[in-house]
Amino acid sequence: MSAMIENPVLNSPYDEPREHFVIDDNGHPTGATAPGRRPSQSFVPIAVQRKGRGRKATQEALDFGTGERIETNDLVNEIRRDVTKWRMSGQYPHVTPISRKLLAHWADESRDNRVLFCQREAAETAIFLAEVAGRHGYTDWRRRLASTNDEFNRGLPRIALKMATGSGKTVVMGMLIAWQVLNKIHAPRDARFSSKFLIVAPGITIRDRLRVLQPSDPGNYYKLRDLVPADLEGGLDRAQIVITNYHAFLPRESKEFKGIAANTKKLLRPGESPNVFKETEEAVVARVLRDFGSSKGEIVVINDEAHHCYQDKPATSSETSKEEAAADADARVWFRGVAAVAKKVGVKHVFDLSATPYFLSGSGYNQGTLFGWTVSDFSLMDAIESGIVKIPRTPVDDDSSSDQVSYLHLWDHIGKQLPKRKGLKVTLDELPLPEVLEGALFSLYRSYERAYDHWQRELEPYGETPPVFIVVCPNTAVSKLVYEWIGGWELNDEATPSDGAVRAGNLELFKNFDDEGRALGRPRTILVDSEQLESGEALKDDFKKVAAGEIDAFKTQYRLDHPGADAEKITDEEILREVMNTVGKRGKLGAQVRCVVSVAMLTEGWDANTVTHILGVRAFGSQLLCEQVVGRGLRRRSYAVNDDGRFEPEYANVYGIPFSFIPSDKPTKDPKPPEPTLHVRSLAGREHLEIRFPRVEGYRLELPDPDLVFDPSNAPKFVIGASEVPTWTESEGIVGVVERDEMRDLSGVRNQAIAYKLAEHLLTRHYQDGGNLRPWLFPQLVDIASRWIEMCVVERDGRKAAALLALTELRGRACEEIVNVIQQYPDSKRARARAVLRAFDPVGTTGDVSFLTRKKAIEVQKSQVSHCVLDGPSGGNTWEQILAQLCELNPRVAAFVKNDHLGFEIPYVHNGRSHSYVPDFILRLRQVDGEKIHRHLIVEVSGGQKSPGPTREKAKTTRDIWCPAINNHGGFGVWGYVEITEMVTAGDVLNKAITSVYADEPIIGDPDLLDDNFDLQNV
């Protein structure tokens, strides 16, 4: 009997798990917890039904019983210990500077968009194996992996990163790409790194979703998830990324044989295999990698949902189902494709990501055997205990007379009563649904109604999409019956001529027809063949006939959403794929879908986080299939942490799939609903409220060159006469013609031109600094040269000062004379602050803000950004709210913005370490009449909860270094800084600070660090 567990979330999602539930020998939790991380083990947890054990089943009980042998994954656990030791040693030693900077960025606890621990651990493990293992006292795990890969993978350098469904594998892919490409840019000859990536997905859904890994994509994860420090972002553009699905490895018909009839081919190659008309292996690789162009070098392969990619053993005597045989065939295509890429161009690394990296039945290996090259593991139980995924709840008891729980082992009760053939034409009048299936649908629907009521009451007002109910069917015949039973159908089959009559659906919230029998403009229930959509094949006619109404409805909606677009050119398959992929996504085609009836299994990558209920109407031959189907409902809806820094538990109710963690034989108290999401964004029409700001990554103190002072008191006269300057020269040989060369006439040359020539000579010959010119000295040198010509040059015998232009030797002597009369006073200049701006994005703006938040926020009018988000506890920071109101009311404030998701940071140093300070507000002041510059005020609202040491250092750096550095720059207007520590006097302090900015008082920076000639008219 499992112990009562009220809340299975034990750990923070951002830190290494600190405790886990103790499991007994039967796989049941004892209710006690043990300190530390759960060891990696290979077993699939299944709820043990309590049928016949009494009637006191308790749905809160967490049951991991499996009845299977539990094996410890020694390799994973040993590598995990080494990685933990390396991580805890501080500052990630023994890696490249780029890798260390990335690792520190991902681990930064002060980040606004923190990286989950499971994501960090996966990336850390890959980096550790590539850069640290085998050196510095650590075991060389690469040798053991090489031996395993020789045995299983033809030597392909594969490592598998096991991460539970919903834990963010796509983010890890982005981290791996950034690590590789940024290191390759900074160390082009380092053979460990590459800038070319081939990402292989199991289907079109994931392939399309993975476009967020392209740095050029507007929604790329590098920016959205803040995966790369700002000063390294520009390097991502050097990455070459090809994203494809494994079907691309299937040989296509060769170009020269396209359009040729099958009989003609037989005549051309009698008795030969049809494969002779298809691409060669080299041609397939060339086609898949054609976007790489002519660039050479090994590539990095990333396999998403990599349990579909393995090399099977030779056929064994064990029987396999058609489904298992098809899965094995797919795995061979995928594996052979990657192997062909390695053979043709070379592969540096292969990173496999999967929640279930196990061999399937029919592979020749024991079903459920973990891939031997798995190096990290964040299991589903780890994810549940860290709150990263929803907790699946399945039935564990009922009052039927059967020995089995009917709605858990649903297929055992209904499988023989449903059609087996895909194309069978049958209606509900001819073959009603089995009573047990109807009962399961009604039962699970009643639970859905409660979830829908909660959504309607709490979340719909904020634009959230409704909860989603999914049904997984084995074939089109069954899916047609279930789809029509749920949503209703028109009587238009051949046996019953259509007269416009409609049979109503049985589940009110999922009906596709209104009470008058009219089809709804946007169907609530859709039918999709996920298997065919993933392969890219055309949908079968029988399926299109069933879904014709919804296809037409969505084409109509597409025309409304995209005026001017020709919806007829969009195929039915493309529309249905878009609908399926956007279920639960606001503003998208599938946003309002409530029920999805799927033919075959909903594929990996279908990542709607609004799924709350799943019904399996099919056989589940393996626990892997159970986990993969249940995984479609495990993505969380809310990622807001509670006061303990943890996620609140969320649940998904599951019938018909014998897989469980949380038994659910009776209703439980609903978990606390998440706060609704608010979209904070820059608003159109408020461009006049834009605030632009510098992105600073550091500072430097510049000691200006001392002034050059011309001292004529001891300057000798410089005579230009006949003895110094000949006007002509004759050249004569022993024999031949005499040649006479006369100096060109320079009588019209002005002294200013001579001065310029002398200044050029002085700058290039006498005033270089370590070989570097100092062009800012040129104006001073021109002035000194002009004065020297006027005061020191004496012209005789008809010779002119212009001779200095023609005679290099004379000009050289003149410059030496000038140098001798120039005085320098090195102590006359003080240091000036200079800002070092980010190389790739030096300017930030309030014009491109867009993020979701569940924090308390208030609408604001004087800001280009829609809301001011309040920090602090759930009630929000009332100090920040007061300051926002003061800004709204102050007539001298033209615009303001809360510094949230702006990327406005001020670097500073505290206790010898570099930090980034994020001030609270930026204010832009109204311009004074006749003044063209913009004046700004940075405002920090400091409460007593802030540490005094860092707070003082932040304020000092901002006011005394950042402000003068930016004000010296001249391109961002004038900036000042003020800290408000008491809200009672906040209005007075703010007004005084604004006055000081207008008056250019020290609030705008340490005067000693401002330029001597700081001129506001030139700012």
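The following conversation goes through a predicted model and asks what lies behind the words used for some of its parts.

Trainee: What percentage of the contacts between residues at least 6 apart in sequence join residues at least 24 apart?

Mentor: Among those contacts in the protein chain, 75% join residues at least 24 apart.

Trainee: Why is F21 called buried?

Mentor: The word buried is kept for a relative accessible area under 20%, and F21 has a relative accessible area of 3%, so F21 is buried. This residue is found in strand β1, which covers residues 19-23, and the C-alpha atoms of F21 and A34 are 6.2 Å apart in space although the two are 13 residues apart in sequence.

Trainee: Turning to helix pairs, why are α2 and α5 called roughly antiparallel?

Mentor: Helix α2 (residues 97-107) and helix α5 (residues 169-186) pack at an angle of about 150°, with their axes 9 Å apart. Angles over 145 degrees count as roughly antiparallel, and α2 and α5 are therefore roughly antiparallel to each other.

Trainee: Which residues make the contact of α2 with α5, and how do they divide by class?

Mentor: From α2 come I98, S99, L102 and W106, while α5 provides M175, A178, W179, L182, N183 and H186. By class, this contact of α2 with α5 has 7 nonpolar, 3 polar and no charged residues.

Trainee: And what makes α1 and α3 roughly perpendicular?

Mentor: Helix α1 (residues 74-88) packs with α3 at an angle of about 95°, and their axes are 10 Å apart. The range from 65 to 115 degrees counts as roughly perpendicular, and so α1 and α3 are roughly perpendicular to each other. In this pair, I79, R80, D82, V83, W86 and R87 in α1 meet F117, R120, E121, E124, T125, I127, F128 and L129 in α3. The residues of the contact of α1 with α3 divide into 7 nonpolar, 1 polar and 6 charged.

Trainee: At what angle do α3 and α5 pack, and which residues make that contact?

Mentor: Helix α3 (residues 117-131) and α5 pack at an angle of about 35°, with their axes 9 Å apart, and α3 passes α5 in a right-handed crossing. The contact is formed by Q119, R120, A122, A123, A126, I127, A130 and E131 of α3 together with V171, V172, M175, L176, W179 and N183 of α5. For this contact of α3 with α5, the division is 10 nonpolar, 2 polar and 2 charged residues.

Technical notes
Residues are numbered from 1 along each chain as its sequence is written. This is a predicted model: local features need pLDDT of at least 70, side-chain atom pairs count only at pLDDT 80 or more; totals for chains, interfaces and linings use all residues. Side-chain values use heavy atoms; hydrogens and water are left out. Axes are lines fitted to C-alpha atoms, for helices over the stretch in contact, and angles run from 0 to 180 degrees between N-to-C directions. Helices (H or I, at least four residues) and strands (E, at least two) are DSSP runs, numbered from the N terminus. Angles under 35 degrees count as roughly parallel, over 145 as roughly antiparallel, 65 to 115 as roughly perpendicular and the rest as oblique. Contact means heavy atoms within 4.5 Å. Ala, Val, Leu, Ile, Met, Phe, Trp, Tyr, Cys and Pro count as nonpolar, Asp, Glu, Lys and Arg as charged, and the others, Gly among them, as polar. Buried means under 20% relative accessible area, exposed over 50%, partly exposed in between (1.4 Å probe, protein chains only). A crossing is left-handed if the near helix is turned anticlockwise from the far one by less than a right angle, and right-handed if clockwise.
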